[in-house]
Amino acid sequence: MTTKILHVSDTHIGYQQYRNAIRREDYLDAFEQALQIARGEHPAHDNEPVDAVLHTGDLFDDQLTSFDDVFACHEALCRLRETNIPFYVIVGNHELRRNTDFVDEFALTGDAIRLTRSPTVLNDEVALYGIDSVRDPDWEDADFSLEPADEGLVRLVAMHQLFSPPIEPIDHEASNIIDLEPVFDRFGTEVDGVALGDCHERMGDTCRGVPVWYPGATERTGRDKPQPSVDLLTISRQQEPPIDRERLLLDTREFIEIDIEFGESDTFDLVERRVAEKGPIEDAVVFVDVSGADNGVTKQEILDYLHDRDVVHADVTDERVVEAIAGDLDDIDTESEIDVDAELDTAVGELDIGDEAREIEEMLRHADPDLADTRRRTNAKERFRELAAERFEDTSTEGDA
């Protein structure tokens with residue numbers, strides 16, 4: 001027997017990239033495309049319907065995703081359920097809550113199945129496990145032990161973390177990339193594959209001889225990201241290794257990069273020529289990098305020109321301005337440079353605010369720069385609730401006394 005699973009991750013439904021409503025729609029469209037592939041209905045792929053969809057976290061972009069986005073996702077999952085294809089899911093760091101998560105509602109209606117540390121058996125061939133995203137403070141005490149599965153089943157674990165491998169390790173304290181190898185000891189049982197989410201680029205490797213991989217995000221989360229895709233997993237106990245994966249591309253909005261280097265005699269017609277060389281730019285997300293001589297052509301003129309051609313979003317980086325500023329900075333006496341953090345600490349210290357407010361302010365301003373904005377807000381909210389509970393409890397105690 002062979003089991004086909006479509007591995008999808010980091011759909012980030014509800015993300016309004018570049019504060020652009022069309023880009024918000026694009027993220028939902030990419031998710032719906034993935035489900036089209038699962039049903040065998042995508043026009044660019046000729047695969048048969050799969051046996052299941054596996055989503056490894058960040059189905060939604062935020063804990064406060066709008067009802068419209070949740071409803072649209074629910075509708076898409078209903079169409080998948082009508083074809084008898086189960087949707088297995090774990091919770092990612094962007095949507096992770098301390099109480100009920102969005103996917104709990106989908107599980108309640110039968111439109112999704114939350115994976116746990118107990119095996120969920122598919123086709124009498126695959127044992128699926130799931131471990132939700134774990135916050136940094138909880139990592140050391142988290143329980144990763146997996147209940148044993150029947151002998152002969154292919155054991156696949158879904159997780160949502162940044163692991164090395166497959167990601168190259170970064171040797172600095174601020175990195176939130178975790179060594180994967182010790183996690184295998186914490187499983188307490190042998191596994192045949194680890195399907196991951198959180199990294200937005202497709203990559204794969206092995207750890208202790210076990211394949212581990214990310215399928216990447218279903219939409220571009222930045223200009224440097226590759227074309228979005230999903231992974232089609234073919235799993236069979238008769239093959240070695242038992243898990244094979246194939247990349248299936250998604251038809252997402254085009255990202256176009258344009259370099260313009262001005263000479264002193266160049267005029268705006270150089271912009272027109274460089275844009276024309278790229279072909280049609282309508283409905284695309286366009287990035288323009290400007291360098292060279294300062295010939296009077298402004299960033300705003302380029303932006304206006306692009307928007308007149310109906311691009312969805314335009315971003316212009318004028319390196320000429322950056323170089324001019326850098327030149328000015330060279331003239332600054334480094335001994336008299338201002339320590340911004342120290343100045344802010346002094347300013348905050350002079351404010352008439354309580355210790356709790358100071359703690360929250362410091363958490364937000366000195367947060368790990370690698371943390372997602374959602375996680376920063378989540379950490380601050382959780383600490384605020386803890387402080388509020390402590391203050392409320394103190395007040396109640398004083399009242400009783």
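User: What kinds of residues make up the lining of the largest cavity?

Analyst: In this predicted model, the lining of the largest cavity divides into 4 nonpolar, 5 polar and 6 charged residues. The lining holds 15 residues, and those nearest the cavity's centre are His200, Ala217, Pro226, Gln227 and Pro228.

User: Why is Val210 called buried?

Analyst: Buried means under 20% relative accessible area, and Val210, which lies in strand β12, has 10% relative accessibility, so Val210 counts as buried.

User: What makes Arg253 and Asp26 a salt bridge?

Analyst: The rule asks for a side-chain nitrogen of Lys or Arg within 4 Å of a carboxyl oxygen of Asp or Glu, and the closest N and O atoms of Arg253 and Asp26 are 2.7 Å apart, so the pair qualifies. Arg253 lies in the loop between β14 and β15 and Asp26 in helix α1, so the pair ties together parts that are 227 residues apart in sequence. Arg253 and Asp26 also belong to a network of salt bridges with Arg23 and Glu219.

User: Why is Arg274 called partly exposed, whereas Glu277 is called exposed?

Analyst: Exposed means over 50%, and partly exposed lies between that and the 20% limit for buried, so Arg274 at 27% counts as partly exposed, while Glu277 at 55% is exposed. The side chains of Arg274 and Glu277 meet in a salt bridge, and both residues lie in helix α5, about one turn apart.

Technical notes: Residues numbered from 1 in each chain as written. Predicted model: local features only at pLDDT ≥ 70, side-chain atom pairs only at ≥ 80, totals over all residues. Heavy atoms only, no water. 1 Å grid on protein atoms, 1.4 Å probe; cavity = no way out; pocket = protein on both sides within 12 Å on 5 of 7 lines; lining within 4 Å. Nonpolar A, V, L, I, M, F, W, Y, C, P; charged D, E, K, R; others polar. Helix = DSSP H or I, 4+ residues; strand = E, 2+ residues; numbered from the N terminus. Buried < 20%, exposed > 50% of the residue type's maximum accessible area, 1.4 Å probe, protein only.
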